[in-house]
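Subject: Structure handover, ligand site

Hello,

Here is the structure you will be working with. My notes on the ligand site follow below it.

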Amino acid sequence: MTARVFLNGRWLPPDEARVPVMDRGFLFGDGVYEVIPVYSRRPFRLEQHLQRLQKSLDGIQLANPHRMSEWIGFVTQLAGEAEWEDQSIYIQVTRGPMAVRNHAFPKEVKPTSVILAEPMISPPQSQREQGIAAVSAADIRWLRCDLKTTSLLANCLLRQMAVAAGCVETALFRDGFLTEGSASSIFVVKDGVLLAPIKNHLMLPGITYDVILELAAKHGLPYQVRDITEAETRGADELWMCSSTKEVLPIVMLDGRRVGVDGTAGPVFAKMYAWYQEFKATVMRGA
Ligand code: PDD
């Protein structure tokens with residue numbers, strides 16, 4: 001973690017950045033968060049992450065404790081002073097402490113806001129080249145998966161299913177349709193067309209998801225945003241997972257079965273990965 005942590009408007013050494021046990025984030029998971037990748041000390045898609053933070057706050061009826069310009073200043077400052085070039089910046093805002101444990105919101109809400117930086121842990125090259133294995137599970141989460149809330153127990157249990165099976169991610173199906181991964185967005189490639197699930201209340205509107213669709217449009221890769229059935233997912237030529245920290249990775253095994261004909265990272269993935277790196281490089285140059 002960084003030498004300084006932002007807590008409620010103050011920069012503190014990590015040991016001194018403490019939150020009371022009566023904080024609703026701790027007792028109820030009553031809060032929202034963001035994870036922002038930083039490359040060469042430049043936050044990637046910062047405004048989009050902060051806009052999503054605002055949507056998550058609106059979705060849980062919590063007033064934003066800071067203006068957009070303030071958030072930009074705090075995150076940029078932290079990204080500039082952290083000891084690593086590439087980082088992952090974590091923001092969390094909770095509904096703050098309460099006097100007695102009570103599910104209903106306190107009359108006077110004093111939100112808790114935290115920002116900290118960690119070194120970016122990028123997936124190993126072997127995962128990008130050889131792909132990763134995933135399992136699948138029923139999407140047991142609530143019906144507001146579009147909000148990036150800290151109540152992540154279902155996501156944690158689902159992710160652990162992958163870990164227990166020696167895999168990296170769990171692909172989720174709800175009522176016969178692909179939603180996303182336990183901590184990632186998922187794409188299908190079939191017959192040269194990129195298929196993306198529709199952004200609705202059943203999935204997080206991924207920032208990386210948007211980048212991938214923008215890159216597809218820019219480079220003329222045909223894509224469709226539509227409902228994707230479980231059968232289509234299992235019959236995919238290529239399957240990808242993506243997130244701010246993992247960028248884009250090929251899933252080559254699903255539930256122990258090879259994806260596509262040979263279970264290797266596919267040609268469309270190779271193109272998208274190259275486009276992604278090229279795009280990142282332009283952002284890092286400040287272009
Ligand atoms: N998670 N869907 C879920 C459920 C996620 O948790 C994430 C990312 C994504 C991808 O969103 P984005 O492209 O904006 O990172 C999709 C972050 C990285 C996390 O919880 O650590």
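Four elements each supply at least two residues of the shell around the ligand: β3 (31-39), β9 (177-181), α6 (207-219) and β13 (238-243). Keep in mind that this is a predicted model.

Domain 1 (5-119) and domain 2 (125-285) each give at least three residues to it. In total, 20 residues surround the ligand. The closest are Tyr33, Arg52, Glu180, Thr208 and Ser244. By class, the shell has 10 polar, 6 nonpolar and 4 charged residues.

Two of them involve side chains and ligand oxygen:

- Tyr33: a polar side-chain atom lies 2.6 Å from an oxygen atom of the ligand.
- Arg52: an N or O atom of the side chain is 2.8 Å from an oxygen atom of the ligand.

How much of the ligand does the protein bury? The figure is 89% of the 470 Å² that the ligand exposes when taken alone.

And which pocket holds the ligand? The ligand sits in the largest pocket.

Best regards

Conventions:
Residues are numbered from 1 along each chain as its sequence is written. This is a predicted model: local features need pLDDT of at least 70, side-chain atom pairs count only at pLDDT 80 or more; totals for chains, interfaces and linings use all residues. Side-chain values use heavy atoms; hydrogens and water are left out. A residue is near a molecule or strand if one of its heavy atoms lies within 4 Å of it. A polar contact is a pair of N or O atoms within 3.5 Å; within protein, one must be able to donate a hydrogen and the other to accept it, and residues adjacent in sequence count only if both atoms are side-chain atoms. Accessible areas come from the Shrake-Rupley method with a 1.4 Å probe; for residues, only the protein chains shown count as cover. On a 1 Å grid over the protein atoms alone, a cavity is a set of points where a 1.4 Å probe fits but cannot get out, and a pocket is an open set with protein on both sides within 12 Å along at least five of seven lines; lining residues have an atom within 4 Å of a point. A molecule sits in a cavity or pocket if more than half of its atoms lie within 2 Å of its grid points. Ala, Val, Leu, Ile, Met, Phe, Trp, Tyr, Cys and Pro count as nonpolar, Asp, Glu, Lys and Arg as charged, and the others, Gly among them, as polar. Domain bounds come from an automatic or database domain assignment.
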